[in-house]
Amino acid sequence: MKANVKWIQEMQLMGTSETGHGLLMDGDRNGIAASPMEVVLMGMGACSSIDVVDILKTGRQKILGCEVDLTSERAVEPPRVFTKINAHFIVSGDELNEKKVKRAVELSMEKYCSVAKMLEKAAEITSSYEIVAK
């Protein structure tokens, strides 16, 4: 996998993947785009959500939605790495089996989500879930 990051102006950067997809980032807290650390956090949310949706679909669950709220804490001193991350999944669907939802979240966090597995080397990763009937 390859990527390119190019400085645009001020603290704005454009990241481009080898597949040609672009992502604007901003190092200014009040900037016009997500910061690199926000992108990492969202990447974990996306990675784990893909797992949860795929596992539930494979398990023939009638999933209609999956959202993950991520909260984090960072070290006070540089480098300001993540020290804690919680992923709270909100899974909606028709007659979802709670054991299967719980297992999908566990499998993602403990085995499949490569971003979470990488981040757990620096941060305590926890997860929770709730089911919303539709």
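The expected span of a helix is 1.5 Å times one less than its number of residues, and helices here are DSSP runs (H or I, at least four residues), as strands are (E, at least two), numbered from the N terminus. This is a predicted model, where local features need pLDDT of at least 70, side-chain atom pairs count only at pLDDT 80 or more, and totals for chains, interfaces and linings use all residues. Residues are numbered from 1 along each chain as its sequence is written, and side-chain values use heavy atoms, with hydrogens and water left out.

Select residues 98-112 to start. This is helix α2, with 15 residues, and from first C-alpha to last it reaches 20 Å, close to the 21 Å expected. At its start, a side-chain oxygen of Asn97 comes to within 2.8 Å of the backbone nitrogen of Lys99.

Now colour the buried residues (under 20% relative accessible area, 1.4 Å probe, protein chains only). In α2 they are Val101, Ala104, Val105, Leu107, Ser108 and Met109, and they pack against α1, β5 (82-94), α3 (114-119) and β6 (124-133).

Next, select Ser49 in helix α1 (residues 36-58). Ser49 counts as buried because its relative accessibility is 14%. A polar atom of its side chain lies 2.8 Å from the backbone oxygen of Gly45. Beyond neighbours within four places in sequence, Ser49 is in contact (heavy atoms within 4.5 Å) with Cys66, Val68 and Phe89.

Note on methods. Buried means under 20% relative accessible area, exposed over 50%, partly exposed in between (1.4 Å probe, protein chains only). A polar contact is a pair of N or O atoms within 3.5 Å; within protein, one must be able to donate a hydrogen and the other to accept it, and residues adjacent in sequence count only if both atoms are side-chain atoms.
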